[in-house]
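Let's work through a few exercises together, with the model open beside you. Try each task yourself before reading its solution.

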Amino acid sequence: MNLMQRLLASTALVLGACWATLSPAAAADYQLLNPPQATSSGGKIEVIEFFSYGCPHCNEFNPMVTKWAEKLPADVVFKRVPVSFGRAAWANVGKLYYALEESGELHRLDGAVFNAIHVQRVNLFDTRGVTEWANKQGADGKKLADLMGSFTTLSKMTRADQMSQAYQVDGVPMLAVDGRYLIKDKPFAELLSGADRAIEKARADKKRKK
C-alpha cells in the first residue's frame, strides 16, 4: 500500500462524518443550538459552513454553496470553518485552508484543492504534497507550507476545533445561522433552503429586539 492509499484509508475512517446527501431530510428546516453561540459579525447575520477538504460530500456541495453565498444580501456574512474531528489528515487540510486564506490564494485555488484530492487523487494531506502541488498551480509552495505550520494558522485551527465542538458538529457539510440555527443531514438543496429560512428567522428576531 503506497502513501496515498494509506492516507485515503485513514481518511476513510472519518467519511462517516460526512452527511449522506441521499438521506431523508428532517422535517424541520433547522434545529436550535443549545446553548446558542456568540457571533463575531457585528449586527449582521452570520452564516458558517463547517466543512473539510477531505470530505467527498463537501466537495460536491462546494460549487452550490459558493454560488449561494455570492448572492446573499448585505446584512448576511458568510464564513467557513474547517473541521478535523481529531484526525491528523483533516487537520492538515484545515491548515491548508487557512494558509491559502492568509496567502491570498484561497479564491483562486479553493476549488482546485477539492479537485486535486477527490478527482486527481493528489496527496494534499501533508506539507510536502502541498508544496509540490502548489508550485504546479503557480503558487509559492514553500510559503504555503510555512504558513501551514505558523503560529497564526495553528491558533486558527485550534479555534476551529473549539467552534466545531461548541456548535456540536457531528457531520459535514453543516450550516449554522446566527449562532442559533443548525441545518444539517439534508440533501444539498435543502441545506441551502433551510439556511434561507433560518436567515429570515434571524432577521425577524433582530427586528423584534430593536
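Predicted model: local features only at pLDDT ≥ 70, side-chain atom pairs only at ≥ 80, totals over all residues.

**Exercise 1. The largest pocket**

Task: Find out which element gives the most to the lining of the largest pocket.

Solution: 
- Step 1. Begin with the space itself: the largest pocket has a volume of about 360 Å³.
- Step 2. Locate its centre. The lining counts 18 residues, and Ser40, Lys79, Val81, Arg159 and Met163 come closest to the centre.
- Step 3. List the elements that give two or more residues: β2 (45–51), β3 (76–82), α3 (88–103) and α7 (151–166).
- Step 4. Pick the main contributor, which is α7 with five residues.
- Step 5. Sort the lining by class, and you get nine nonpolar, six charged and three polar residues.

**Exercise 2. The second largest pocket**

Task: Work out which residues lie nearest the centre of the second largest pocket, and which element supplies the largest share of its lining.

Solution: 
- Step 1. The second largest pocket holds about 280 Å³ of space.
- Step 2. Among its 14 lining residues, Thr66, Glu70, Arg80, His107 and Asp110 lie nearest the centre.
- Step 3. At least two lining residues come from each of α2 (56–70), β3 and α4 (106–118).
- Step 4. With five residues, α2 has the largest share.
- Step 5. By class, this lining has five nonpolar, five charged and four polar residues.

**Exercise 3. Two packed helices**

Task: Describe how α2 and α4 pack, giving the angle and the distance between their axes.

Solution: 
- Step 1. Two packed helices are described by the angle between their axes and by the distance between those axes.
- Step 2. For α2 and α4 the angle is about 145 degrees, and the axes are 10 Å apart.
- Step 3. Name the partners. On α2 the contact uses Pro56, Cys58, Asn59 and Asn62, while α4 brings Asp110, Gly111, Phe114, Asn115 and His118.
- Step 4. Classify them: five polar, three nonpolar and one charged.

**Exercise 4. The sheet**

Task: In what order do the five strands form the sheet, and which are the edge strands?

Solution: 
- Step 1. Strands of a sheet pair through backbone hydrogen bonds, in a parallel or an antiparallel way.
- Step 2. Here the order is β1-β5-β4-β2-β3, in an open sheet with mixed pairing.
- Step 3. β1 (31–32) and β3 pair on one side only, and these are the edge strands.
- Step 4. Look at one pair in detail: β4 (residues 174–177) and β5 (residues 181–183) are antiparallel, with three bridges. Val177 faces Tyr181 of β5 across this pair.
- Step 5. α8 (residues 188–209) lies across β2, β3, β4 and β5, and runs at about 170 degrees to β5.

**Exercise 5. Backbone details**

Solution: 
- Step 1. Pro173 belongs to the loop between α7 and β4. Its bond with Val172 is also cis, omega being about 0 degrees.
- Step 2. Phe85 is in the loop between β3 and α3. Although Phe85 is not a glycine, its phi is positive, at about 50 degrees.

How values were computed
Residues numbered from 1 in each chain as written. Heavy atoms only, no water. 1 Å grid on protein atoms, 1.4 Å probe; cavity = no way out; pocket = protein on both sides within 12 Å on 5 of 7 lines; lining within 4 Å. Points joined across faces, edges and corners; volume = space filled by probe spheres on them. Helix = DSSP H or I, 4+ residues; strand = E, 2+ residues; numbered from the N terminus. Nonpolar A, V, L, I, M, F, W, Y, C, P; charged D, E, K, R; others polar. Pairing = 2+ DSSP bridges. Contact = heavy atoms within 4.5 Å. Axes fitted to C-alpha atoms, helices over the stretch in contact; angles between N-to-C directions.
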